[in-house]
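Please load the model in your viewer and keep the selection panel at hand. The stops below follow one another through the fold, each with something to select and something to look for.

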Amino acid sequence: MRSFRDRDRDPALRARRWAGGLALALVLPLAGCATGTGTDGDADSGRPGASSTAPAATAAPEVRAQLRVDGDVRQYLLHRPPAADGADGPRPLLVAFHGRGADAAELRAKTRLERAATARGMLVAFPEGLGRGWGAGTRATKQRPDPGLDVRFTEALIKHLVRTERADPGQVYVAGFSNGGSMALRMAAERPALLAGAASVSGQLPTGDAAVEPTGPVPVMVVYGADDPVRPLAGLPSPPPDPKEPILPTRSARDSAAAFAAAGGAGEPVTRQQKGYERTVWRLGKEASGGSRRPDGTVQLLVVDDAGHTWPGSTVPPPEGFGSVSRALDATDTILDFLTGPGR
């Protein structure tokens, strides 16, 4: 078995994978869901209005709601954990971003994040991207003339849920898949003081004229399929043009993780082969600047053997051409253990 470094450097293999997977990346199957509805918002740009959501202890466990930010009415799906023994204190919050062409329901079904998060007493919000995608890079395009719109929406959503759902501002996490994974990395890069941790599956940091640069220490986990045919492990420094939504150039998975390690003052990484995947760990420096709550945390890269552009451990079959789903790793539990665990 070749290491992920060997596969990173094989341009012919990357080209074949990209050609077979690009079109499929934009047409993920969509699913519908909603067990409840809710509305929220006011006309002030970037300022969510007073909540119409009932207190968390008595509200429905799942609700579709909306929030007006920068003049747009944005949608999200919220899952609430049951109150433990009548307790009604602050709860951790996970914001999870779907992939391009998908929606909140698709990510929920694929990851089952809400079940794992509920077991940990966490709120989980699945926001809906505009045009079924996220502005994960800093380059303005015809489709996304304001490249900072989704960053401000996410920031407003977090503040809104802190106020209305008793989310703990010291335990806010983001995660995502593919384009949503890149969005999670952008939030960690540009708002490290807002987050206690971030995780990305099959998502990398944009580079080139869309570059996103980490600005402070924050624990980050990047999970990547070694045989991803859509977003290759080695990144897409020069992606082909797309008429609907420009595909942004990206760093490799390793370089994405290493950028967060460097911003966190980490030392040299340690790599170990585990059953079915390779784990590389950078330990963040205690003297790193930037305002992280956990400067003693880690940045981790997990490269999963024989896995494609998929969520490891998912029971939902991926679209044709996306590659295999690994059973060697349950990405959902692995990510939540990393984000909320004592060692990170």
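Helices (H or I, at least four residues) and strands (E, at least two) are DSSP runs, numbered from the N terminus, and buried means under 20% relative accessible area, exposed over 50%, and partly exposed in between, with a 1.4 Å probe and protein chains only. This is a predicted model, in which local features need a pLDDT of at least 70 and side-chain atom pairs count only at pLDDT 80 or more, while totals for chains, interfaces and linings use all residues. Residues are numbered from 1 along each chain as its sequence is written, and side-chain values use heavy atoms, with hydrogens and water left out.

Stay with helix 6, where 11 of the 12 residues are buried, among them N179, M183, L185 and R186. The expected span of a helix is 1.5 Å times one less than its number of residues; for helix 6 (residues 179–190) this gives 16 Å, which agrees with the 16 Å between its end C-alpha atoms.

Next, select helix 7, whose buried residues are A253, S256, A257, A259, F260 and A261; they pack against helix 6, strand 7, strand 9 (277–283) and strand 10. R254 is also in helix 7, but at 21% relative accessibility R254 counts as partly exposed. Just after helix 7, look for G265, which takes a positive phi of about 65 degrees.

Now centre on F260. Leaving aside neighbours within four places in sequence, F260 is in contact (heavy atoms within 4.5 Å) with L185, A188, A189, L205, P214, V218, V220, L284 and V299. F260 is, with L93, L195 and V220, one of the residues with the most contacts inside the largest nonpolar core, which has 48 residues. A nonpolar core is a set of buried Ala, Val, Leu, Ile, Met, Phe, Trp, Tyr and Cys residues joined through side-chain atoms within 4.5 Å. A second, separate core of 30 residues includes A175, F177, A307 and W311.

Which aromatic pairs should be selected next? A search of the whole structure finds two, where rings of Phe, Tyr and Trp (its six-membered ring) pair if their centres lie within 6.5 Å, and planes under 30 degrees apart count as stacked, over 60 as edge-to-face and the rest as tilted. The rings of F97 and W134 have centres 5.0 Å apart and planes at 80 degrees, so this pair is edge-to-face. F97 lies in strand 3 and W134 in the loop between strand 4 (123–127) and helix 5, 37 residues apart, and both F97 and W134 are buried. The rings of F177 and W311, with centres 6.4 Å apart and planes at 55 degrees, form a tilted pair; F177 is in strand 5 and W311 in the loop between strand 10 (298–304) and helix 8 (331–340), 134 residues apart.

A charge sits over a ring if NZ of Lys or CZ of Arg is within 6 Å of the ring centre and within 35 degrees of the ring normal. Elsewhere, R74 lies over the face of F153, at 4.0 Å from the ring centre.

Finally, colour by pLDDT, the predictor's confidence in each residue, from 0 to 100. The protein averages 83, and 78% of the residues score at least 70, but over residues 1–57 the pLDDT is below 50.
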